[in-house]
Amino acid sequence: MKIFNQTEKVLCVGIGGYGCDAISHISKSKLLDIEFIAMDTDPIPLSEVDDVMRMQISSQYLNGFSNEFIYASHDEVKSLFQGADLIFIVTKLDGSTATKATPIIAKIAKEVAALTITFVAMPSIIDNSQKPSNTDGGIKRLRDYDIKRIKRECDAVVLIQEEELLTFLDKNIIGTAINGIMGVLLTTGDNDITLAFEDIQTVMRHNGEATISVGEYEGENAADKAMNEAINNLSNISLSKVTGILVHFSVHPDFPIMELGEAMEIVNESIHEEADVIFGTLTDETLSKDFVRVTMIATGFERLIINNNEHKK
């Protein structure tokens, strides 16, 4: 497998125990052109991560929300990020190291002008170990505050509820999404549809919250049915409410390209007229000849809602 544009440097950073474990699994995929970095204040989780770069970050301000947290490691982190064009961050919003460190790590990513896309796992139940003293409403306000801090420093933030993680556990939803984004830059065969890195930037740059969806089907009309499944799985987001959408197809090399184009018409008929739409394909000989996997990432629906509200004033 080779990168379509070999000048692009791509990093995937896991923060905290969940993030480190997640990127350890993702690193075992076929996309070997991504550099993986595990970060934590605790050396024990780091010691359990295999085959990725490991970095113990400062815990000097772990018990507070001060932006000074991690500054002791700022220069070292920035040195690792230097020259990166695209940085994925994988984290969990659980009040631990990851919650406090993620916006600061993301800010450093922006300092090196990297396109920064963060995947945030959202647990539905607060761990007992956190011993929350607030009411449920207070916890929600604190969580919303943390999300806003992360969004402020990232181009796109994908919030994944714990129920979705369980639903897509066998598909490794975060790994699938990263593979989908990278897949439009990769080529394995002559029939692959690949895109320039600038196309990814158009859809993802400064677009706020994003959502992931996956659809799969094997059999007759596989492309249309996989596409409809992906659209139906879009977490109650209508395609007419997004300003950017990336669609990635994984198919056998012999799958008819024309059928993929017909499936894209389903998207084109539903999206907002000013939305940016890009799609690519990655062929895989290990897949069945009548199987299609669609990975869809929709962005900018928050921005469109805000703009519409402003026009109504």
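Mentor: Of the 313 residues in the chain, 50% are buried (under 20% relative accessible area, with exposed meaning over 50% and partly exposed in between, using a 1.4 Å probe and protein chains only). This is a predicted model, in which local features need pLDDT of at least 70 and side-chain atom pairs count only at pLDDT 80 or more, whereas totals for chains, interfaces and linings use all residues. Residues are numbered from 1 along each chain as its sequence is written, and side-chain values use heavy atoms, with hydrogens and water left out.

The chain has 11 helices and 12 strands, which are DSSP runs numbered from the N terminus (helices: H or I, at least four residues; strands: E, at least two). The part to look at is helix α4, residues 97-111. With 15 residues, α4 reaches 21 Å from its first C-alpha to its last, close to the 21 Å expected at 1.5 Å a residue; that expected span is 1.5 Å times one less than the number of residues. Because 12 of its 15 residues are buried, α4 is largely enclosed by the rest of the structure. Among those buried residues are Lys100, Pro103, Ile104, Ile105 and Ile108. After the helix comes alanine 113, whose phi is positive, near 65°.

Apart from its neighbours within four places in sequence, threonine 99 is in contact (heavy atoms within 4.5 Å) with Lys92, Leu93, Asp94, Asp146 and Arg149.

One of these partners, Lys92, brings us to strand β5, residues 86-92, where phenylalanine 88 also lies. The structure holds two aromatic pairs, counted when ring centres of Phe, Tyr or Trp (its six-membered ring) lie within 6.5 Å, with planes under 30 degrees apart taken as stacked, over 60 as edge-to-face and the rest as tilted. Phenylalanine 88 and phenylalanine 119 form a tilted pair, 6.3 Å centre to centre with 35° between the planes. Since phenylalanine 119 belongs to strand β6 (residues 115-122), this pair ties together parts that are 31 residues apart in sequence. Phenylalanine 249 is buried, with a relative accessible area of 0%, while phenylalanine 279 is partly exposed at 25%.
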